[in-house]
Amino acid sequence: MANDKSSMQLISRGILSENPIFKLALSMCPAVGISTTVMNGVLLGIAVLFVQVFSSVTISIFKNMIHPRIRIPTYTLTIATWVTVIDLVLAAYMPEAYAKMGIFVKLIVAFAIITMRLEMFACKESVSDSFWDGLGMGLGFMVGMVVIGFFRELLGSGMILGHDVLGFKPLLFFILPSAGFFVVGLMMAFFNWIEIYYKRSKGLK
Amino acid sequence: MMTLGNIKSIVFIALVALLVPIFVQAEGLIVDQTFHGDKEIVVTFAGSVDKAVVENVKNYTVFEEPDPDIRLKMSSAILGVDGKSATLVFAEPLNTIETHVVSIEGLNGEEKTVFTVSKSYLGYLFGILISALLINNFVFTKYLGLCVFFGTSKKKETAKGMGVVFTLVTVASATMSWFFYNYILVPFDLNFLQIVVFIGLTSLTVQAVDTVLRKVNPVLFNSFGVFLVLVIANCVIIAVPLILANNHYNLFETLMLALGAGGGFLLALYLMSSVSERMQLADIPPTFKGLPISFIVAGQFAMAFLGFSGLQLF
């Protein structure tokens, strides 16, 4: 691995500077659809992490055998295979959580973020680098889902991970499905605000 | 070459073919039978009937076609003033989507008169379309296809192009997925391959439409070709085959679901782009510029679409 990127850098890039949800604004559907609790976020995060890591590694191993013209179908089929694996595993061992997440586990196959990482990273870099990059991106997605889920669960039902922490329900609105849009929108605005504030304090404009 | 007139006549024939069974059904003693509200069935007889027989609840056996063992409980039967129509009132709301089988004993001396009550099939199909279009709109109530939704809803022109191309591809790929699912996956017990097969078929459809359009109509390709690449990145297009496989839809229902999904996406895009065009003139705080404000607007649309829940036309 004669590379200047260390594994830690690859992971932190996925979580912070290139966070799939807040920075790249990709794979928004589950972030809005089923982020009502922290637990949902963790479970779907694990599923995405699994698919991302394994597809990255698979493509990275076979990168010299894939003809450039059929690379996109190859990526799609690789992802579809790993999604099928995690779909069957979740359905068998966690039927309740699986029922809650509904169709979203199967829809991981259409997540733009996974194809994008394969196209931009895994088809060029070594196997171990691809592994760390996949891990970073998967963790970044999981962190995003958990943060949104944390706010919606805390503000909507006054609970965290199913434990009552506030003792009252501040704003029932946040548990409603359509609030997902508002929460994601407000959080994006918040990150923008930090960025603008930071730039101003540095006197950059 | 298929002209507009041709298409019109084909659609007309298809509609007539769908309607024919409704007229054929009426025969014998019973002229007409319909659901009335969610607790009543109204029966019209050919001639006058014996009031004592009709109004005796014990003479009836009613069940849903799939479960003949579960008898539905009736609270009363009332013969109308004209002596020809009866209202059967049930204790609990009926599941009007299912076909109900009603049999009456001793009516006009006959040992048993059996007839079925069902909603008009056309109405049921239309219900699927309306449900996918408004009540369960894929963008605003199921939260699917958001990446492409936020990407292509800046201008009305783009929104229209994307929506139309997407609808066409959805219908084509859903039809193909239906044939594959019913004639290959189910007979050979390959259900676990659903995801792989459906995503493969979808990519194939997109590629095929791309190639055909490029050769047949280059002008159309130039204006719509860009959207074809985006279609494959949309989760709605893979959600439609998964839903039809889950619910065991037949071909007509599949077509309606695909049309509703595509039309719903077109509707959502058009609404959003109309707002986006006006937002360009508005004074938005710098922190909310771009995606954040789009999300807030989409949230408001989602709340408005909640109002469609419970909408029932037939």
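This is a predicted model: local features need pLDDT of at least 70, side-chain atom pairs count only at pLDDT 80 or more; totals for chains, interfaces and linings use all residues.
Chain A holds 8 helices and 2 strands, and from the N terminus on its elements run α-α-α-α-α-α-α-β-β-α. The C-alpha trace of this chain spans about 60 × 55 × 25 Å along its principal axes. A compact globule of 205 residues would have a radius of gyration near 17 Å, and the 18 Å found for chain A agrees with that expectation. Of the 205 residues, 45% count as buried. Among the contacts in chain A between residues at least 6 apart in sequence, 75% join residues that are at least 24 apart.

Two helices of chain A can be followed in some detail. Helix 4 of chain A, residues 71–93, has 23 residues, which at 1.5 Å a residue should span 33 Å, and because its end C-alpha atoms are 33 Å apart, the helix agrees with that expectation. Its buried residues are A:Y75, A:T76, A:T78, A:I79, A:A80, A:W82, A:V83, A:D87 and A:L90. These buried residues pack against helix 3 (38–61), helix 5 (95–101) and helix 6 (112–122) of chain A, together with helix 6 of chain B.

Just after helix 8 of chain A comes A:G203, which takes a positive phi of about 75°.

Helix 10 of chain B has 16 residues and reaches 23 Å from its first C-alpha to its last, close to the 22 Å expected at 1.5 Å a residue. Within this helix, B:P292, B:I293, B:S294, B:F295, B:A298, B:G299, B:A302 and B:F305 are buried. What covers these buried residues includes helix 8 of chain A, together with helix 4 and helix 9 (251–279) of chain B.

The nonpolar cores give another view of the structure. The largest nonpolar core has 102 residues, of which A:V109, B:V240 and B:L257 touch the most other members. Leaving aside neighbours within four places in sequence, B:L257 is in contact with B:I128, B:A132, B:A174, B:V240, B:I243, B:L244 and B:Y249. Apart from this core lies another, of 12 residues, among them B:V43, B:V49, B:L79 and B:L88.

Chain B also contains strands that pair with one another. Strand 3 (residues 60–64) and strand 7 (residues 100–105) of chain B run antiparallel and are joined by 5 bridges, with B:T61 standing opposite B:S103 in strand 7 of chain B. Strand 3 of chain B pairs as well with strand 4 (residues 67–71) of chain B, again in the antiparallel sense, over 2 bridges. In this pairing the bridge partner of B:E64 is B:D67 of strand 4 of chain B, and a hairpin joins strand 3 of chain B to strand 4 of chain B through 2 residues.

A last stop is B:K39, whose place is in the loop between strand 1 (30–36) and strand 2 (40–45) of chain B. Is B:K39 buried or partly exposed? With 15 other C-beta atoms within 10 Å, B:K39 is partly exposed, because a residue counts as buried at 20 or more and as exposed at 12 or fewer. Leaving aside its neighbours within four places in sequence, B:K39 is in contact with B:V89, B:F90, B:P93 and B:L94. B:K39 and B:L94 are 55 residues apart in sequence, while their C-alpha atoms are 5.6 Å apart in space.

Note on methods
Residues are numbered from 1 along each chain as its sequence is written. Chains are lettered from A and ligands numbered from 1 in the order in which they are written. A nonpolar core is a set of buried Ala, Val, Leu, Ile, Met, Phe, Trp, Tyr and Cys residues joined through C-beta atoms within 7 Å. Two residues are in contact if their C-beta atoms, placed from the backbone, lie within 7 Å. Two strands pair if DSSP finds at least two bridges between them. Helices (H or I, at least four residues) and strands (E, at least two) are DSSP runs, numbered from the N terminus. The radius of gyration is taken over C-alpha atoms; the globule rule is 2.2 Å times the number of residues to the power 0.38. The expected span of a helix is 1.5 Å times one less than its number of residues.
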